[in-house]
Amino acid sequence: MLFIDTLSRIVHIATAITLVGGSVFTLFVLLPSAKTLPEEAHKQLASAINGRWKRFIHGGIALFLISGFYNYFRAIPNHKGDGLYHGLLGAKMLMAFVIFFFASVLVGRSARFDAMRANKSKWISVVVFLAAAIVVISGFLKIRG
């Protein structure tokens, strides 16, 4: 079990590093830089990036769900009756599902969410803020024991 527990944690953390890092890069480097491009070049770049980033988002969500639920079920017996732990973990999970929704919408094609995609920097800012909150909660829960 130690091997699977370790592997699951590594997958979870590596996925977080990849997706949160990509979102931070997009928010603070890519979007401001892309604004300086002519409209046609901007659209071409956005299309090329979106096609590749979508695979990372969808694959990352799957890896988060698999590793996260595995980690959750392994950790629960150690925190029986610990209300603070369960409350914070529940908040962390809810925020993760909100992030999954926004990330999926931002790489999606549904016309229903065109307005959100038109204001991409706002919604990526929300994703980055929530991801930072999750990192803070996770760090606290890990140190707290």
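Start by selecting D114 and R117: their side chains meet in a salt bridge, 2.7 Å from N to O (a side-chain nitrogen of Lys or Arg within 4 Å of a carboxyl oxygen of Asp or Glu). Keep in mind that this is a predicted model, where local features need pLDDT of at least 70 and side-chain atom pairs count only at pLDDT 80 or more, while totals for chains, interfaces and linings use all residues. Residues are numbered from 1 along each chain as its sequence is written, and side-chain values use heavy atoms, leaving out hydrogens and water.

D114 and R117 sit 3 residues apart in helix α4 (residues 114-118), so about one helical turn separates them (helices are DSSP runs of H or I, at least four residues, numbered from the N terminus). D114 is partly exposed at 41%, but R117 is buried at 17% (buried means under 20% relative accessible area, exposed over 50%, partly exposed in between, with a 1.4 Å probe and protein chains only).

Next, pick D5 and R74, another salt bridge, with the closest N and O atoms 2.8 Å apart. This pair ties helix α1 to helix α2, across 69 residues of chain.

Now click on R144 and D82, whose closest N and O atoms are also 2.8 Å apart in a salt bridge. Here R144 lies in helix α5 and D82 in the loop between α2 and α3, 62 residues away. R144 is partly exposed at 34%, whereas D82 is buried at 18%.

Last stop: α2 itself. Color R52, where α2 bends by about 25° (the angle between axes fitted to the seven residues ending there and the seven starting there). Then show the buried residues of α2, including I57, F64 and A75.

Technical notes:
Helices (H or I, at least four residues) and strands (E, at least two) are DSSP runs, numbered from the N terminus.
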